[in-house]
Amino acid sequence: MGKVGKQGEKTKKSGGLTRLAAEVFDKDRCSVCGACVGRCPYIVYSEGRVILQDRCTLDEGRCYDFCPMAGAKGNFEGPLGTVKQVLIARSTRSDVRKKAQYGGVVSTLVALALREGLVKEAILTSGHPEDPPYGVRVRTKAAVLDSAGSRFAAAGTVAALNEALAEPGSFPLALVGLPCQVKAAAAMRASKTRDVPFRPKRIKLLIGLFCTWALEYRSLSRYLRYMLFGERAFHYDIPPPPASVFKVFTGDGIKAFPLDEIEPMRLNACRFCDDMTSTRADVSVGSVEGLDGWNTVLIRTAEGNRLVEMAAEKKLIKIDRLPQSDLEHLKEAADLKKQRGLSAWEEKD
Ligand SMILES: Cc1cc2nc3c(=O)[nH]c(=O)nc-3n(C[C@H](O)[C@H](O)[C@H](O)COP(=O)(O)OP(=O)(O)OC[C@H]3O[C@@H](n4cnc5c(N)ncnc54)[C@H](O)[C@@H]3O)c2cc1C
C-alpha cells in the first residue's frame, strides 16, 4: 500500500510491466500521458498511442512507478484541490495572444520562467493539428510560441520529460500538461527514486491545463478526413459551454461540428479521471466561460504564486477578479467530473 503524502500524492507504489498491462492496457485505461515511455525498452509512443511491444516479467519495473492510471483510484480532496488564489488573466502581448488558445497565460508563464532562469527547459506539446501531437523540449520564447494552442488529442508528452530527466546535468525543468500528465510528473517530483541518472527533483514547475477529456488521435483524424473532404485544418477550439461545438479552422473558413459527435472519440481512460483542473500543478490554467481571450488561473503553490506575481509585475499579463458565480460554476463542473470518475472506478472493479 502506497504512502499518501502532501496533496494526496501516492509516493510509493511498485509493479512491473505485467501489472501495468493487467491494470491499465488490457482494461483500455491508458491515458496516453507518456509516463512509461522511455522508462522501458518495450514501450513506445506512436501515432497518438502508447504501445506495449512485448511483455516482461519483472515484478518491479520502472514503467509502473508513475502511471497515473495504475494503483491509486482517485484523490480525496475537494474538486479544485489546494488553491491559494483564483483569478482571471491574459497576456498583454499581441504576438502571444495571436498564437495562444485563449489568453496566452500558459505561454507567457513558460517563456518568463525560461527567460528568468527559473527553469532551463520546458516540456510542451506540439504538432500540426492534423498530425499526432507529441512532447517537445523547448528553451526559447519562439519555441514556446511554436507550441502554443491546444491539440485536443492525447499526446504522450511525459515521454519528453523522461528523456530530459535521463540526460546527465542538473538543469531545472518545467512541464505543461493535462491533469494525467501533471499527476505523473508530480508523482515523479515527490518520489525518492534512486534510479540514476533519472533525477526528478529537477522538475521545478508544473503548469496544469483544465481538461474535461482528451480525444483519441486516430479516431479524430479519421473523422476529420471524412468530414473536411481533404481541406487542411490549422487550428481547433472547443469553446466553453453553452457552445457545445468542436470548431475546426481551415483555409476555407471555420467549420463547427456538434460536440455530441466528437465526444465518443474521447479516450476511454478519461471516464476514470476525477481531476478537471490539474490539482497537482503549481498553477492551473483554463478558459473563462463567457469571456473570450481570457484564462482562469488557479494558483496552488508558492512557486506558482511567485511566477504569476512576476508576470504581473513585469506587465506581461493583465489580471482581474473571477466573479464568484463563475467560481461556483467551475467548482460544480470539477465536482461533476470527480464524481463521474470515482463512479467509473466503482463500476469496473
Ligand atoms: C485535451 C485538452 C482538453 C482541454 N479541456 C479544457 C476544458 O474542459 N476546460 C477548459 O477551461 N480548458 C480546457 N483545456 C485548456 C485550454 O484549451 C487551454 O490550453 C488553456 O486555457 C490555456 O490557454 P492559454 O491561452 O494560456 O494557452 P497557450 O498559451 O496557447 O498554451 C497552451 C499550452 O497547451 C499545451 N498543449 C497543447 N495541446 C496539449 C495536449 N494535447 N496535451 C498537453 N498539453 C497541450 C501546449 O504545449 C501549450 O504550452 C483543454 C486543453 C486540452 C489540450
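Predicted model: local features only at pLDDT ≥ 70, side-chain atom pairs only at ≥ 80, totals over all residues.
Biologist: What makes E130 a buried residue?

Modeller: Its relative accessible area is 18%. Buried means under 20%, so E130 is called buried. E130 belongs to the loop between β4 (121-126) and β5 (134-138).

Biologist: Why is the pair of R232 and E130 called a salt bridge?

Modeller: The closest N and O atoms of R232 and E130 are 2.3 Å apart. The rule asks for a side-chain nitrogen of Lys or Arg within 4 Å of a carboxyl oxygen of Asp or Glu; the pair therefore qualifies as a salt bridge.

Biologist: What makes the side chains of E130 and R232 a polar contact as well?

Modeller: The distance given for that contact is 2.3 Å. A polar contact requires N or O atoms within 3.5 Å, one able to donate a hydrogen and the other to accept it. The contact between the side chains of E130 and R232 is therefore counted under this rule too.

Biologist: Which residues does E130 touch, leaving aside those up to four places away in sequence?

Modeller: E130 touches Y217, E231, R232, A233 and Y236.

Biologist: How is the protein chain divided into domains?

Modeller: Domain 1 comprises 85-214 + 268-343, and domain 2 comprises 217-265. Their centres, taken over C-alpha atoms, are separated by 23 Å.

Biologist: How do you know that domain 1 and domain 2 are in contact?

Modeller: Contact means heavy atoms within 4.5 Å, and 15 residues of domain 1 are in contact with 16 residues of domain 2. The two domains bury about 1500 Å² between them, with 57% of it on carbon and sulfur atoms. Between domain 1 and domain 2 there are eight residue pairs in polar contact, and one salt bridge is found across their interface.

Biologist: Why is strand β11 described as largely enclosed by the rest of the structure?

Modeller: Strand β11 covers residues 283-287, and four of its five residues are buried, so the strand is largely enclosed.

Biologist: How do you know that β11 pairs with β7 and with β12?

Modeller: Pairing requires at least two bridges between two strands. Three bridges join β7 (residues 203-209) to β11, and five bridges link β11 to β12 (residues 295-299); both therefore count as pairs. The strands β7 and β11 run parallel, whereas β11 and β12 pair in the antiparallel sense.

Biologist: Which residues stand opposite V283 of β11?

Modeller: I207 stands opposite V283, and V283 also stands opposite I299 in β12.

How values were computed
Residues numbered from 1 in each chain as written. Heavy atoms only, no water. Buried < 20%, exposed > 50% of the residue type's maximum accessible area, 1.4 Å probe, protein only. Helix = DSSP H or I, 4+ residues; strand = E, 2+ residues; numbered from the N terminus. Domains from an automatic or database assignment. Buried area = accessible area lost by both parts, 1.4 Å probe.
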